[in-house]
Amino acid sequence: MSQPAIWDNSHDQPGHRAPLVLGDDSFGAITQRVATIVEKPKPPRWWTVTFSISLAFTVVLLAMLAYLFTVGVGVWGLNVPVAWGFDITNFVFWVGIGHAGTLISAILFLFRQKWRTSINRFAEGMTIFAVICAGIFPAIHTGRPWFDYWLFPYPNQMQMWPNFRSPLMWDVFAVSTYFTVSLMFWYVGMLPDLATLRDRAQTKLRQLVYGILALGWRGSARHWHRYERVYLLLAALATPLVLSVHSVVSFDFAVSQLPGWHATIFPPYFVAGAIFSGFAMVLTLLIPIRKAFHLEELVTTRHLDNMAKILLATGLMVGYAYGIEFFTAWYSGNHFEAFTFYNRALGPYSWAYWIMVFCNVVVPQMFWFKKARTTPWILLVGSLFVNVGMWFERFVIVVTSLSRDFLPGNWGIYKPTWVELLTLAGSFGLFLTLFLLFLRFLPMVAMAEVKSVVPQAGLERGPHRGHGQYWGEIPHQHEEILGGEGREQR
Amino acid sequence: MSEHGRSRWVFPPWVNQLRVVAGVALVVIPVYLVVLVGFGASPRTTDVGYAPEQPVPYSHALHVGQLGLDCRYCHNTVEEAAKAAIPPTQTCMNCHARIRAASPKLLSVRESYATGMPIPWVRVHDLPDYVYFDHSAHVRRGVGCVSCHGRVDTMEVVQQVEPLSMGWCLDCHRNPDPHLRPPELVTSMDWVPPEKPEVYGRRLREQLGIRPSTDCGTCHR
């Protein structure tokens, strides 16, 4: 399954800038390649099959929620002392997944990492859907979800406000802000592409739906000017959120007094973990989809290579955090702190701890090797391990600390019930359902942005050729370039 | 717009008119919601003024306002208990065994007295079941009856005059001074403080050591 040599742009050669996208596509051909995915009257067979399965799991999720709401939180295995289990584990897991999307779309944009253009739409979509899945869990773990509006500070006849000193309250703001900004960023970035789909639409309905979604985009210079401004501003707005949201999530734990939670390392540790898990999820989704839709020329080996490097870097940070936690526990001289970590590694949940260490620390070490970074199937397997490992990391943090706190008389063991297991499975179903709908109905690669990094984009400026080498004849006639641009609309 | 021989679908010109509609809606809908929720659905609107018809046309205006009965003559447990006690029929008959003993208005009182079945009075001031209000705690600290129940001595039919919402409770718990009076004058309907109520109440509060709690557990046990 390794790539043919002509598709390998992962080399680094001084003085030679590797092309960001491959093939000799004209602007129009890129549109053609991406837009036809959503324009085919029938989705490919594998799409129908996976969509049916995902939808079935979404129904399972809804059924589990209905069961939970009618019977109560007793259907979960939670009880004192372990009052947080799968619910919060899943919440942190899904929120973490989202962070890669925002990092790719906002931070890499501000840092002018142009390779992001091929994958940002895709990763942002993943962010939106992951945050939707994440949002479910805090909402349902309250036990009485019909009172969830109490989480918001609204004027009321009780003259009561939420406890603003509680990190759980900050969480509500962090996650809802994150969702709003991510959604706006995603949508605004999609406007030119939605207009392209509108212009190519063959049916009245598609024309109308994409037309409304495109907000009347006509691609005038003024449109582009405003668009670029808004996009830059939103990127600036989203950038701090990458760091702040998961920091706030970590406060849910760090602000409490529980050994194993009450640690100053938590915010950076959680952010690194979030990016780690997010990139793993991007790879898990991207590798099969790139193959299925033949997008290897847009999402190149170099993209995979870059993402694998980020995976390795953040994996090392997470591994460092695991190690330093033990150091802190020992160095603090605090009996309870030391016991907590002894208990993590050798206590009743040690199996989960060692799964976590293996998946998050040992497995990513293979990305020191270029072959592992550039071979899609190895990368896919590695990213799956990381997904599993990062879920277990949250499980270990949430459950081990709660199950063994200060007084041995308070100790307890938590076992998830079938309802919790099916809820987790169902949340994956919802995630994939939304994702597959996105692949089917929206442009999964930012066509307009990718056109700015193809070699042809910089031809008329002589030596400044944008990204990548242009092999072959350089057409000097201005008309020909404009012709290429004109083609994109057909 | 036609650039490449094919027309693009953009919004038709009439959509521009929707901008006005959208602009108006953007202003009107929030105002409407604020008015609806803030005023329309508040207890001040829905509960205040509740004056159910009682099985006996008992007039507080007559008994308290004109005859000068003290509240505690009928609501006799108000200083010791959480509930202020709806009087038993026997209390009515203390007087009405002789006064207007044949009045047709008192038919059901006499009937109740004869059969021993209580008069089904309709409760006017009804707090939610999860609120544990204690009359004695308030009355003994000098919160006048009139502060919550209004001028009962002028009411032919008793009605609710305050919203009895949690926010209304908290208004006083957070700032009790304007509502305090000497505890022996709680039942007086027309008492006015001798100086500024805030100053007078503050002095009373400090003298009596009144510290109204705003903990959840004070009212929600």
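How many of the 490 residues of chain A count as buried? The share is 43%, where buried asks for 20 or more other C-beta atoms, placed from the backbone, within 10 Å of a residue's own.

Before going on, a word on what you're looking at: this is a predicted model, in which local features need pLDDT of at least 70, side-chain atom pairs count only at pLDDT 80 or more, and totals for chains, interfaces and linings use all residues. Residues are numbered from 1 along each chain as its sequence is written, while chains are lettered from A and ligands numbered from 1 in the order in which they are written.

The C-alpha trace spans about 85 × 55 × 40 Å along its principal axes.

Now pick out helix H3 (residues 86–110) and helix H14 (residues 418–441), both of chain A. They pack at an angle of about 15 degrees, their axes 10 Å apart, with axes being lines fitted to C-alpha atoms over the stretch in contact and angles running from 0 to 180 degrees between N-to-C directions. That makes H3(A) roughly parallel to H14(A), a label for angles under 35 degrees.

Who touches whom? On H3(A) the contact is made by A:Phe86, A:Asn90 and A:Trp94, and on H14(A) by A:Glu420, A:Thr423, A:Leu424 and A:Ser427; contact means C-beta atoms, placed from the backbone, within 7 Å.

Conventions
Helix = DSSP H or I, 4+ residues; strand = E, 2+ residues; numbered from the N terminus. Parallel < 35°, antiparallel > 145°, perpendicular 65-115°, else oblique. Contact = placed C-beta atoms within 7 Å. Buried ≥ 20, exposed ≤ 12 C-beta atoms within 10 Å, placed from the backbone.
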